[in-house]
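Please read them with the structure open.

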Amino acid sequence: MQRRDFLRSACQACAALALVPLAAGSLESCASGLAVTDGLLRFPKSSMGKDGTAVIKAKGAPHPVMVVQRPDGTYTALALNCPHKNGPVKNKGGVLTCDWHGSTFDREGQVTKGPSKAGLKRYPVEAVGEELMVRFA
Ligand code: FES
């Protein structure tokens, strides 16, 4: 599947289901229609957006995650679930923001503004060929 086709179908599904609202002007990529198997979520590297992120809502995952490509080329996956009181966290112009009480987090999931005292949960991501694999278990 070509990147364009993948993104078109994945983003249409996101928008249709309102699982991952896309902010106007956001460069983030989104993906859905994916599933976690044996604690592992696989998806193509080509689903990463130009800003080096992809928001993924996958069946069987504990919550949506944002996969982030670091400057050194490695990846991490951040739970889009606020550690304060489990509010939804969204990427708002590059700032990960909790809708409920306004905590913010950086691209590594570290707290940049409370009330949350803890950072976002991170999951390891392995790159194998043209695939990325997020390990939930
Ligand atoms: S639940 Fe996120 S700041 Fe309170």
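1. Helices and strands here are DSSP runs, numbered from the N terminus; a helix has at least four residues, a strand at least two. On that basis the order of elements from the N terminus is α-β-β-β-β-β-β-β-β-β-β-β. That is 1 helix and 11 strands in the protein chain. Bear in mind that the model is predicted.

2. Burial and contacts for the chain as a whole. The protein chain has 137 residues, and 29% of them count as buried. Take the contacts between residues at least 6 apart in sequence: 39% of these join residues at least 24 apart.

3. The core. Which residues have the most contacts inside the largest nonpolar core? They are Ile-56, Val-65, Met-66, Val-67, Leu-78 and Val-89, in a core of 24 residues. Several strands supply at least two core residues each: β2 (40–44), β3 (53–59), β4 (65–69), β5 (75–79), β7 (95–98) and β11 (131–135).

4. Strand β2 deserves a look. In a regular strand, side chains alternate between the two faces of the sheet. In β2, Leu-41 and Phe-43 point to one face and are buried. β2 pairs with β11 in the antiparallel sense, over 5 bridges. Within that pairing, Arg-42 has Met-133 of β11 as its bridge partner.

5. The open sheet. It has 4 strands in the order β6-β7-β8-β9, with antiparallel pairing. β6 (89–92) and β9 (111–113) are the edge strands, and each pairs on one side only. β6 and β7 run antiparallel and are joined by 4 bridges. Asn-91 stands opposite Leu-96 of β7.

6. Ser-103 sits in a loop, between β7 and β8 (104–105). Is Ser-103 buried or exposed? The cut-off for buried is 20 or more C-beta neighbours within 10 Å. Ser-103 has 25 inside 10 Å, so Ser-103 counts as buried. Beyond neighbours within four places in sequence, the contacts of Ser-103 are Cys-82, His-84, Cys-98, Val-111, Lys-113, Gly-114, Pro-115 and Ser-116. Pro-83 is 20 residues from Ser-103 in sequence, with a C-alpha to C-alpha distance of 9.6 Å.

7. Check the cis peptide. The bond from Gly-114 to Pro-115 is cis, with omega near 25°. Pro-115 belongs to the loop between β9 and β10 (122–128). Both Gly-114 and Pro-115 are among the contacts of Ser-103.

8. Now the positive phi values. Asp-38 is not a glycine, yet its phi is positive, about 50°. Asp-38 lies in the loop between β1 (29–37) and β2. Why does Asp-38 count as exposed? Asp-38 has 8 inside 10 Å, so Asp-38 counts as exposed.

9. Asn-86 is another non-glycine residue with a positive phi, of about 70°. Asn-86 is placed in the loop between β5 and β6. Asn-86 counts as exposed because it has 11 C-beta neighbours inside 10 Å.

Technical notes: Residues numbered from 1 in each chain as written. Predicted model: local features only at pLDDT ≥ 70, side-chain atom pairs only at ≥ 80, totals over all residues. Core = buried A, V, L, I, M, F, W, Y, C linked by C-beta atoms within 7 Å. Buried ≥ 20, exposed ≤ 12 C-beta atoms within 10 Å, placed from the backbone. Pairing = 2+ DSSP bridges. Contact = placed C-beta atoms within 7 Å.
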